[in-house]
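Hello,

Here is the structure we discussed handing over. My notes on it follow below.

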Amino acid sequence: MGRIVIVGDIHGCFEELIELLEKVDLRPDDLLISVGDLVDRGPDPGGVVEYFRERPNSVVLMGNHERKHVRGVFSYAQEITRLQLGDRYAETVDWMRTLPYYFENEQVRVVHAAMVPGVPLASQREEVLCGSTRGERELAALFPGGHWHDHYTDAAPVVFGHHVTGREPLIRDGRVFGLDTGACHGWNLTALCVPGFTVHAVPARADHWAAAKRRWQLPVLKSRPWRDHTWQELDQALGRHSPSADADTRRWLEALEAWAADLRSGFPALVSAARRTAGGLTADELRRHPAAPVLFQARDGRLDTTALARRCPTPARTIALAAALGLTLPGPPG
Ligand SMILES: [Mn+2]
């Protein structure tokens with residue numbers, strides 16, 4: 001019978017994963033388990049996901065990072081992963097929906113983040129098991145000032161990831177194993193082999209998350225739906241990003257800012273165009289016109305820049321109105 005090989009948070013560190021599995025001499029009859037968090041922060045989430053999906057005898061648990069993708073809760077790390085996976089993203093997220101929240105057999109229990117000691121795994125809340133923000137809050141209330149595993153006295157050994165324990169795994173009483181040793185932060189990727197409960201690790205090749213944050217800054221910015229932001233959201237986003245950006249990114253943000261400012265400073269011209277158009281049309285033609293509501297306002301003398309601004313809350317709406325009036329306005333910088 002094969003072993004059980006449990007790997008801590010991989011976070012897209014594919015090369016380190018392959019090196020680690022060679023080091024533990026993974027064989028086909030070994031059951032390979034990931035504690036979850038295959039993706040986000042590292043260089044090759046697609047490679048890691050594909051490896052686990054294609055290898056028979058493999059289990060991947062739902063990490064809080066997979067859960068963010070499944071629930072569409074996006075921050076920078078998830079935006080990067082979506083770009084990294086490209087065409088495969090939607091299908092990969094569908095696969096993530098199928099992931100279990102725990103593994104248990106007669107030898108060992110595995111969860112991504114935590115469990116409440118003494119409670120059967122099947123009765124635990126998913127948020128606690130995978131370490132979502134809400135689960136973390138619940139645990140903090142249950143174990144104020146400490147960790148759930150400080151209170152773990154169940155007979156079964158328990159293995160988890162999620163909390164970076166440092167370069168070395170957390171091992172207590174030979175029954176509590178925390179395996180997240182910060183591979184994506186340039187530390188180690190760690191595996192535990194059962195039944196021997198031996199620990200193996202390989203060093204990360206780089207601080208992958210720091211590199212990914214730099215490498216993907218501009219592509220992520222370009223991928224955002226700027227046309228559909230409100231003017232206020234645009235101002236806020238520009239204010240948030242400018243200080244930390246590199247030179248290329250700063251240049252692009254300046255172009256974006258100029259684009260938004262040009263669109264807004266064109267409001268008086270749109271008012272004039274609407275008045276001109278309205279003046280030359282019959283009531284019937286006005287009704288059938290794609291810009292009809294604005295043209296009626298113009299005809300009745302109720303269209304000024306304030307009224308127009310209400311009809312143009314976003315770049316997309318502004319560009320569409322201009323097009324209806326026969327004017328071509330540019331999209332965001334490429
Ligand atoms: Mn993690």
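S2 and strand S3 (residues 58-60) run parallel and are paired over 3 bridges. Pairing here requires at least two DSSP bridges between two strands. Strands are DSSP runs of E with at least two residues, helices are runs of H or I with at least four, and both are numbered from the N terminus.

Before the rest, the ground rules. This is a predicted model: local features need pLDDT of at least 70, side-chain atom pairs count only at pLDDT 80 or more, and totals for chains, interfaces and linings use all residues. Residues are numbered from 1 along each chain as its sequence is written, and side-chain values use heavy atoms, with hydrogens and water left out.

Back to the strands. Val 59 in S3 is the bridge partner of Ile 33. Helix H2 (residues 45-54) carries the chain from S2 to S3 in a right-handed β-α-β crossover. Right-handed means a clockwise path from the first strand over the helix to the second, with the strands pointing away from the viewer.

On strand S1 (residues 4-7), 4 bridges join S1 to S2, again parallel. Ile 6 sits opposite Ile 33 in S2. Helix H1 (residues 14-23) links S1 to S2, also by a right-handed β-α-β crossover.

Now the metal. The manganese ion has protein donors Asp 9 (OD), His 11 (NE2) and Asp 37 (OD), at 2.1 to 2.4 Å. Donors are N, O and S atoms within 2.8 Å of the metal (3.2 Å for Na, K and Ca); water is not among the atoms, so sites may look incomplete. Their spacing along the chain is D-x1-H-x25-D.

Best wishes
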